[in-house]
Amino acid sequence: MSDSADTGFPHRHLLGIEGMLPPAISFLLDLADTYVEQNRAVDKKKSSLRGRTQVNLFFEPSTRTSTSFELAGKRLGADVLNMAVARSSVSKGETLIDTAMTLNAMHPDVLVVRHQDSGAVHLLSQKVGCAVINAGDGSHEHPTQALLDALTIRRRRGRLDGQVVAICGDILHSRVARSNIHLLNTMGACVRVIGPPTLMPRNIEELGVEVHHDMRKGLAGVDIVMMLRLQMERMQGAYVPSLREYFHFYGLDQEKLSLAKPDALIMHPGPMNRGVEIDSTVADDINRSVIREQVEMGVAVRMACLDALTRHLPNVGAPL
Ligand code: CP
């Protein structure tokens, strides 16, 4: 992230949560709060991005992030283009950078990029003249997911500081875990990570988290339980003996959940694998599960990010 004009959000791109300071995070969450109300109104449209062009470039599958970025841009009045990567010249061997520079030549104002390789979005941001938002890069970061999770918690609990949050499951492959750890620690929450040793990154405690391999001990007294799916697409070989055994030790069911605080919130970034990392009775618990609310907050947070980043942009096209 590089510094830019003083508009409350001092970054030209949104590439990750790491290194972001509390005022910048609070600025985005406060702005997103205003968009939650707008999204619940009949007239959801604003014109703050009128004339702007937003290109969504997803090299990995997505339901929540891609649709909410599209909705967010449209609700702010931008022209939104969704690149169909599978039908693009990427399939003919064009590189990520050549693809990005080709799109850059058409003067977009914002590029929203998801890519399977950690660091790819950062690299791309150095080659283009527009603002770049990381919609998830490999197992590195997924900043807008952490922001929408934080907004969900803050609206439910009124605060982030002091909350004890357990992030459970495949921590090793999770960009969601990494972004959440950075954000929650920065905002004064206390983070526990829970999972089998095979799915725990080496030296994860250096990020300022408490590490647990026994889920029952790790869940004791927590305020928030955030479940993660097993990211099979990033695994080569077996990381768990069987899905049945994994659920026995690390799947969230009512019995394990009873060890958390009685009003603990249940979160999941999606997509869920029911019966693998979470039981349906927990995922669908209308009193405690905020999984649908997370999706709602996703649109508001992405509107806030688009709004904040485009405030820095010049009114004429950037040089190529
Ligand atoms: N949470 C998340 O990133 O979901 P999608 O992969 O559906 O975008």
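1. How far from an oxygen atom of the ligand does a polar side-chain atom of threonine 65 lie? The separation is 2.6 Å, within the 3.5 Å limit for a pair of N or O atoms that defines a polar contact.

2. The model is predicted: local features need pLDDT of at least 70 and side-chain atom pairs pLDDT 80 or more, while totals for chains, interfaces and linings use all residues. Residues are numbered from 1 along each chain as its sequence is written, and side-chain values use heavy atoms, without hydrogens and water.

3. One of its oxygen atoms is 2.9 Å from a backbone N or O atom of arginine 64, and a side-chain N or O atom of glutamine 145 lies 3.0 Å from a ligand nitrogen. Of the 250 Å² of accessible area that the ligand has on its own, the protein covers 91% (Shrake-Rupley method, 1.4 Å probe).

4. The residues around the ligand (a heavy atom within 4 Å) include Ser62, Thr63, Arg114, His142, Pro269 and Gly270. By class, this shell holds 1 nonpolar, 6 polar and 2 charged residues, with Gly counted as polar.

5. The largest pocket contains about 380 Å³ of space, the volume filled by probe spheres set on the grid points. Its lining has 21 residues, of which Arg114, Arg175, Arg229, Gly270 and Pro271 are the closest to the centre. Helix H2 (64-75) and helix H6 (175-186) each give two or more residues to this lining, which divides into 5 nonpolar, 9 polar and 7 charged residues.

Terms used. Polar contact = N/O pair within 3.5 Å; in protein donor to acceptor, adjacent residues only side chain to side chain. 1 Å grid on protein atoms, 1.4 Å probe; cavity = no way out; pocket = protein on both sides within 12 Å on 5 of 7 lines; lining within 4 Å. Helix = DSSP H or I, 4+ residues; strand = E, 2+ residues; numbered from the N terminus.
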